[in-house]
Amino acid sequence: MIVISGILLIMDVILDKFNIQFSNTFGFNSSSNFVFFISQWLAIILIIVSNKLNPFNISFFSPIYFLGLNFYWLIFTRDYNSKDLFSFSVFGISVICVALLVLIANKYKIYNDKQKALSKKMEMLENILDLSILKAKKDSKNV
């Protein structure tokens, strides 16, 4: 559901690509602006509802990513009805986000590997200590 909410956030771009228009835009100057406004609210509601289902944390990347793209387009464009540079900026931001995800995944993997190695060392130490205590008890009984 969270990934679907992320996809909802770019429905206005999809409408523009396929040139889909509505007859009633409820006061908005274009169909894509109307869909942009509605999809923002629907995505937020979907995120809130699906958060109760305990999703994987990585699934939140999708809506955050698309909100970031929309925010970038909103801040750095002068013509709010044209999304000509949106595809170009999507590519650049996508490369940056994938690089960040790879870095975070590597850090997480390194952390997990260190934790596993530490737990193996602790288990090995516990086994050694248990054996030495048993050996000491056995030697004390034989004396």
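Predicted model: local features only at pLDDT ≥ 70, side-chain atom pairs only at ≥ 80, totals over all residues.
Residues are numbered from 1 along each chain as its sequence is written, and side-chain values use heavy atoms, with hydrogens and water left out.

**Overall architecture**

The protein chain contains five helices and zero strands. Read from the N terminus, its elements follow the order α-α-α-α-α. Helices (H or I, at least four residues) and strands (E, at least two) are DSSP runs, numbered from the N terminus. Of the 143 residues in the protein chain, 27% are buried; buried means under 20% relative accessible area, exposed over 50%, and partly exposed in between (1.4 Å probe, protein chains only). Among contacts with a separation of 6 or more, 66% join residues 24 or more positions apart, where contact means heavy atoms within 4.5 Å.

**The packing of α2 and α3**

Helix α2 covers residues 11–18 and helix α3 covers residues 31–51. The two helices pack at an angle of about 160 degrees, and their axes lie 8 Å apart. Axes are lines fitted to C-alpha atoms, for helices over the stretch in contact, and angles run from 0 to 180 degrees between N-to-C directions. Helices α2 and α3 are therefore roughly antiparallel to each other (angles under 35 degrees count as roughly parallel, over 145 as roughly antiparallel, 65 to 115 as roughly perpendicular and the rest as oblique).

Which residues form this contact? On the side of α2, M11, D12, L15 and D16 take part, and they meet S31, S32, V35 and F36 in α3. The residues of this contact comprise four nonpolar, two polar and two charged. Here Ala, Val, Leu, Ile, Met, Phe, Trp, Tyr, Cys and Pro count as nonpolar, Asp, Glu, Lys and Arg as charged, and the others, Gly among them, as polar.

| Residue | Relative accessible area |
|---|---|
| S39 | 3% |
| N33 | 15% |
| Q40 | 17% |
| S30 | 18% |

S39 is located in helix α3. Not counting residues up to four places away in sequence, S39 touches L8 and L9. Q40 also belongs to helix α3; with neighbours within four places in sequence left aside, Q40 is in contact with L9, L67 and N70.

Two further residues can be related to D16. S30 sits in the loop between α2 and α3. Along the chain S30 and D16 are 14 residues apart, and their C-alpha atoms are separated by 10.0 Å. N33 lies in helix α3. N33 and D16 are 17 residues apart in sequence and 10.0 Å apart in space, C-alpha to C-alpha.
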